[in-house]
Amino acid sequence: MADYGEPIFQSTLHIQKIAHQVALTSSHLIWEQASKGGPLDSPSSEPLFCHKNANAVPLKEIINATHEKDRHKPSQPSVNKSQGTKAKDTTHLYIELQCPSFMVYILSRGSKHKWKYKKLSFVCQDSHLCSQWVRNINDALDNPVFNRPKHLLVFVNPYGGKQQGPSLYKEKVAPLFEMAGIKTEVITTQRANHARDTLLEHDLHKVDGVVCVGGDGMFSELLNGLCERKLKEADLEQTQEQNPLPPDIRIGIIPAGSTDCIVYTTAGTNDPVTSALHIILGDNVGLDVCSIYSNDKFQRYSVSMLAYGYYGDILLDSEKNRWMGPKRYHVAGAKKFLGNKAYHGEVTFRLSSDSDSNPRDKKKCLNECNTCCLAGSRAVDKHSKMNDESDGVHKFKGKFMAICSFTMSCVCALTPAGASPYCHLGDGTTDLMLVQECSRFNFLKHLMRVADRTADQFDFDFIKIYRVKEFSFRPFPEHEEEQKEDTASGGIKHSKLPSSRMKTSVWNCDGEVIAHPSLQVRVHCQLVKLFGRGIEVMESKHMCTCCCSLGELPPDTP
């Protein structure tokens, strides 16, 4: 038992009519076959030898344990249909005996990062032993080290994506929360910013998790509501000099949006059951957050993508056609591609101080990412302003098709490898991509590479990509440089393109529009905690046949 610790409780139980020695430790549930058969009244306290063929499940991957309901009814006496009366039974009435048993629900990994759950049935000698096992397992799962939620506040968006949020939650997610013993308070949102406004005033003292059923925009509402509430409680305002305060509560997201970028990036799939299981198991991963300002006035917080130009124009145009669902992005994208607009401006940025980290270093951010762990641990104040060790301020002036900031890799169905494949969830930086003016043909080649998981979408002369700690952007008229030269030479400053007619775009901030073109952006390392683990490396693991042979148990199966 050296690898798993000392047993908290152990006995001999039966799995599929075969006797097993079963033990519970503070970290694992372990069982191994005691014999090929045996009577049900075999000793209940035999030592557990834990041979190499023993099976062990970490408690962090056990959902819960429950008493199993009897599924066999007593046999009924036969009926003589021809006489219409009960036939005389010369033998005594046989009633099938049922031994008490309990079920353990455990995590099961499927293909393409999807999670399911399976059940394992243990048959006990008596009901007292059965109750002891159920109580001991669930008490072990309540250990604070697992940090599992007990009470969730759930916001359901009935309008996002394909408008399937309410039915998806009712049919697939709510039964899982109930099975895990999680209490929920469900609010169906009625308007934009309903969730954000509710979080500013709602009593959260008994809530240990806030969950949204919707898309990236819905998650952004929860993020902004919790961060703004934290500042309000401290009687502070968000300014560029004031660091945001990390919320005390984790955020969960059940995917029901158009792109589900955040869920894809943090879980590897937009499967709602997988996301629900991450929440139930109390998984925890830190996310970098950008605070965004315009003319020194705070606008909002962002966790995924902030984009100007092409992607901002797409969002603005698609808002007119929300009735089309996710297809509206394809229509708007085609229109804006044909328009081939570019915008004048100046980008100022401060590079990351980590010279070993860059957007093309081929180091993917996965579960227990070393880069994110180091970034979270080496800073005494994780949310401090930019590190002075970075190599100073850089400026880039020109005409841009797009300016994009990726605070995570932004994986989704349209970008299977991610818009910035080697961006990290919690390293305190954002990947800044500058797409300079180019032909439609070259821009199309870039867009096609974004959709190709094997291609490098940054490998063009007209694209620059940097890993930065902060940046700012300001638009300017096309002939601003000529104006400055005229002024310097004593001439009268005039504009061939008046500022009132200056051509500007909007910003796409996590699927929401920011109309102010001039922005300042700062990155705050792991400001919020998400119910998640990051994308896991897929590995085949050996498991006993009595567990692996079982199919998935539907949520409504007794």
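Which residue in β20 is the bridge partner of V435? That partner is I463. Before going further, keep in mind that this model is predicted: local features need pLDDT of at least 70, side-chain atom pairs count only at pLDDT 80 or more, and totals for chains, interfaces and linings use all residues. Residues are numbered from 1 along each chain as its sequence is written, and side-chain values use heavy atoms, with hydrogens and water left out.

Let's start with strand β19, which covers residues 430-436. Strands here are DSSP runs of E with at least two residues, numbered from the N terminus. Of the 7 residues in β19, 6 are buried, so the rest of the structure largely encloses this strand. Buried means under 20% relative accessible area, exposed means over 50%, and partly exposed is in between (1.4 Å probe, protein chains only).

β19 has pairing partners too, where pairing means DSSP finds at least two bridges between two strands. With β18 (residues 393-406), the pairing is antiparallel over 6 bridges, and S405 has L432 in β19 as its bridge partner. With β20 (residues 463-475), β19 also pairs in the antiparallel sense, over 6 bridges.

Now for the cysteines. A disulfide is a pair of cysteine sulfur atoms within 2.5 Å, and a search of the whole structure finds 0 of them. Here are two cysteines to look at:

How values were computed: Helix = DSSP H or I, 4+ residues; strand = E, 2+ residues; numbered from the N terminus.
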